[in-house]
Amino acid sequence: MRAPRFDETIGVSRIIRLTCRSTAGNQGEDMSIQRNRRRVLATVGSGLSALAIAGPGRVWAQGVPGGTLRIVIGYAPGGGTDVIVRQMADKLKDRLNANVLIENRPGASGMLAPVAMKTAPADGSVILFTPGVSTVEQKVTKKTIPFDLDQDLLPITLAGTVPTVYVVSAAIGVKTLAEYTAWLKANPKQANFGTAAMGSNTHFFGVELGQAIGQPLQPVAYKGTGPLLTDIMAGHVPAGCGGLTSFLQHHRSGKVNILAVSSPKRSGAAPDLPTVADLGYPKLASEGFYAFYAPARTPAAIIEMLNREIRAVIEAPEMRQKLLGLGLEAQTSTPAELRDYQNKAIVSFTASMKAAGIEPE
């Protein structure tokens, strides 16, 4: 006999009642009911044993429509968000015994992905992976956004924290912030930087860094860090701003140079890189985060299952090391903890925005 599906076990007592009721009116009714009850309990018991052996992830996967879990992200292939989620998707596929596909929806500072959750099926077959720049920070910096963070998305778990970095093309020949400042004075027409999320910390950090060094910098919008990286490495844009996860590997290969890291202390992923505090600008310190969400109305049982399985993937020692190598400090949470975390992030980012004299657009 096959193991029952996750949702089938809920109706055990109902099966027993119906089976016993079906014997009414037969000769030896009481004995028949007892025999049927014992038979049903034995059958259900063997099914539940199989359920325990199969494991929660594998049983849940049987309920995914088409046997496929889609993870939607708001950035192009090849960028930091894409690289990170693909690392986790490979392991999640094994735990769920299901196909796991990454769906890239770049554009609108990463907001096309959370917008997609508004019409996505609330059955656990589609979830969102996104940095806070596309959710919390858009909520703060825009007067209106095309989705409601509280009403359209259900928190699943944090994935980790990541600092913002300011990076320059290796083609301009500078390796420190002081050298870059001098280069800007000699090349004032190139005082611009690319960002994949206008109205986010990766936008404001670049602007505020320019103010701090006395060289105003203009942001240039990109649809993702993939296209931004391509242009930086080719020298089409002299600099860029984004998550450490997007640029660390390319910095190590010498294709770009990271000049400043936004975190208050040095990152475990790159302890050799200077923070804004090291460079004399501690007030610019900040960190971003990545998290998983599900569409509103997704049943609590599915949220709980997704939380358990995703956390197991992220918290595995090998995965922690892989993510750290990409610049992400792994950190998981309960759904309630994620909601609390993002609410505090909204308060903090709002204060930083006001301090910088920036008003919602």
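Buried means under 20% relative accessible area, exposed over 50%, and partly exposed in between, with a 1.4 Å probe and protein chains only. Helices (H or I, at least four residues) and strands (E, at least two) are DSSP runs, numbered from the N terminus.

The model is predicted: local features need pLDDT of at least 70, side-chain atom pairs count only at pLDDT 80 or more, and totals for chains, interfaces and linings use all residues. Residues are numbered from 1 along each chain as its sequence is written, and side-chain values use heavy atoms, with hydrogens and water left out.

**Exercise 1.** Find which residues of helix 7 are buried, and state where they lie around the helix.

Step 1. Helix 7 covers residues 177–186, and its buried residues are Leu177, Tyr180, Thr181, Trp183 and Leu184.

Step 2. Viewed down the axis of helix 7, these buried residues fall within an arc of 160°, so they line one face of the helix. The arc is taken from the directions from the helix axis to the C-beta atoms.

Step 3. On the other side of helix 7, Ala178, Lys185 and Ala186 are exposed.

Step 4. Contact means heavy atoms within 4.5 Å. What covers the buried residues of helix 7 includes strand 5 (164–169), strand 6 (192–195), helix 8 (201–212), strand 8 (239–243) and strand 9 (256–261).

**Exercise 2.** Classify the aromatic pair of tyrosine 180 and tryptophan 183.

Step 1. Rings of Phe, Tyr and Trp (its six-membered ring) pair if their centres lie within 6.5 Å; planes under 30 degrees apart count as stacked, over 60 as edge-to-face and the rest as tilted. The count by this rule is seven aromatic pairs.

Step 2. For tyrosine 180 and tryptophan 183, the distance is 6.1 Å centre to centre with 15° between the planes, and the pair is stacked.

Step 3. Both residues lie in helix 7, three residues apart, about one turn of the helix. Tyr180 and Trp183 also belong to one aromatic cluster with Tyr166 and Phe193.

**Exercise 3.** Describe how strand 10 is paired and whether it is buried or exposed.

Step 1. Two strands pair if DSSP finds at least two bridges between them. Strand 3 and strand 10 run antiparallel and are joined by four bridges; phenylalanine 292 in strand 10 is the bridge partner of phenylalanine 129.

Step 2. Strand 4 (residues 153–162) pairs with strand 10 in the antiparallel sense over eight bridges. Here leucine 158 has alanine 291 of strand 10 as its bridge partner.

Step 3. Eight of the eight residues of strand 10 are buried, so the strand is largely enclosed by the rest of the structure.
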